[in-house]
Amino acid sequence: ETVTANAGNDVSICEGESTTLTASGGSNYEWSTGEITQSITVSPNNTTTYTVTVSEGDVSDSDSVTVTVNPLPAANAGNDVTITEGESTTLTASGGSDYEWSNGETAQSITVNPSETTVYSVEVTSNGCTSSDSVTVTVEPSVTVIANAGNDVSICEGESTTLTASGGSNYEWSTGETTQSITVSPNNTTTYTVTVSEGDVSDSDSVTVTVNPLPTANAGNDVTIENGASATLVASGGTSYVWSNGETSNNIIVSPNETITYSVNVYSNGCFSTDSVTVTVVEPVNAYAGEDEEICIGDTVVLTASGGIEYLWSTGETTQSIEVSPVEHINEYSVIVSNGISSETATVNVIVNNCQDGLEVDEEAEPNPITAINIYPNPAQSTVSIKMIGFTGVSSLQLFDMAGRILINKAIQPTGRSVVEELNVSNLPRGFYLVSVLQNGKSYSKRLILN
């Protein structure tokens, strides 16, 4: 009996694949792998020859078959690509002899223009074996950068302002700052430029900060007025004005009853500065030299004036009070009283008596030829006292207005060297009057003020 072993035809497979080998020629089979079935399945990593022994009884024969293992091609679809929307790109694969892309194209290089991010895969074939790779084409939206540095700004000298740009993700100002907003305090009008970028795309814009100078506010010189009077304050240096009393004219009339400082905001081009002026209020002059005094020869007396701020006595002294030691029998002292604006004169008499052992000598036995009139208070309001000194016999006391009309006419009978007569002047208009004493055809007069 004859046995002819047949292991089958040689086979080629790709790396990682398996194949079935089937022998023939007898009833019993034994492969070099140790398997004893007619067919075996093999997955060699490298090209391998397999031998099979075929037997029938005591008769046997052998045959071999070679399984050639072809390596898989190194498929390469290329590096991932990023394009901008609307652009196209070329994809090139490598690693084999035949190519088939997922979009159906079979060229090694293809041009694609996806509208969105897309993954492309390619099957690469070599020696009947195939492997695949893929490449991602990332599509970024098209970038348009329009830089906007904001509207031009006007500020006042010494102020600051915030500039805010827009139009992209990255910002670089001409100051070197890289924030979207910057705060600037220029001394002079300045233009700032900002470069706005998005990726490789950029644009620039500028904004001008105009610096307006502060106006030179001037509220005018300080003023002094009498209580009850008014003053005109005139401000300058701008185009509009706001005073601390709410008035908005550049010149205002004020009548304060006490010293006060007024401030004014002076505006020009939206900027302002402030100045102030003080209105000093003084009371009207109410000159009064004090009541007449009587002293003994050799004594001194203090005369005190009132009714103002500054005083000038007929002695040349400028203090409010003076000390005198007259030697004449009747001595008149005058004082000019001023409040810095106006002045009045008042007088006071000092009578010097001959005294013995502290007692005044009775002078009625020897009448004094010197006569005098003293009025107090002066100015007066309701009642005034008229003191007449040195008049003898019947006299006439008269009150005239400034038109020369007699308003009061009284007969006076002196009872000693001096006499005091009180007059009610409350019903008379306020103003100036003349008090006269008429004796023996001679008139003695003095001014009276009612306020």
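Here are some friendly notes on the disulfides and salt bridges of this predicted model.

1. Ground rules first. In this predicted model, local features need pLDDT of at least 70 and side-chain atom pairs count only at pLDDT 80 or more, while totals for chains, interfaces and linings use all residues. Residues are numbered from 1 along each chain as its sequence is written, and side-chain values use heavy atoms, with hydrogens and water left out.

2. Let me start with the cysteines. A search of the whole structure turns up two disulfides, a disulfide being a pair of cysteine sulfur atoms within 2.5 Å. One joins C14 to C129, with an S to S distance of 2.0 Å. The torsion about its S-S bond is about -105 degrees, so this disulfide is left-handed. C14 sits in strand β1 (residues 11–14) and C129 in strand β12 (residues 129–140), so the link ties together parts 115 residues apart in sequence. Strands here are DSSP runs of E, at least two residues, and helices are runs of H or I, at least four, numbered from the N terminus.

3. Is C14 buried or exposed? C14 is buried, with a relative accessible area of 7%, and C129 is buried at 0%. Buried means under 20% relative accessible area, exposed over 50%, and partly exposed in between, using a 1.4 Å probe and protein chains only.

4. Next, please look at C156 and C271, whose sulfur atoms are 2.1 Å apart in a disulfide. With -105 degrees about the S-S bond, this link is left-handed. The pair connects strand β13 (residues 153–156), which holds C156, to strand β24 (residues 271–282), which holds C271, across 115 residues. C156 is buried at 7%, and C271 is buried at 1%.

5. How many salt bridges does the structure hold? There are three, each defined as a side-chain nitrogen of Lys or Arg within 4 Å of a carboxyl oxygen of Asp or Glu. E294 pairs with K387, their closest N and O atoms 3.9 Å apart. This pair links distant parts of the chain, from strand β25 (residues 293–296) to strand β34 (residues 383–389), 93 residues apart. E294 is partly exposed at 37%, whereas K387 is buried at 12%.

6. K410 and E421 meet in a salt bridge of 2.4 Å, N to O. K410 lies in strand β36 (residues 406–412) and E421 in strand β37 (residues 418–424), eleven residues apart. K410 is partly exposed at 31%, while E421 is buried at 19%.

7. Finally, R405 bridges to D401, with the closest N and O atoms 2.7 Å apart. R405 is exposed at 55%, but D401 is buried at 11%.
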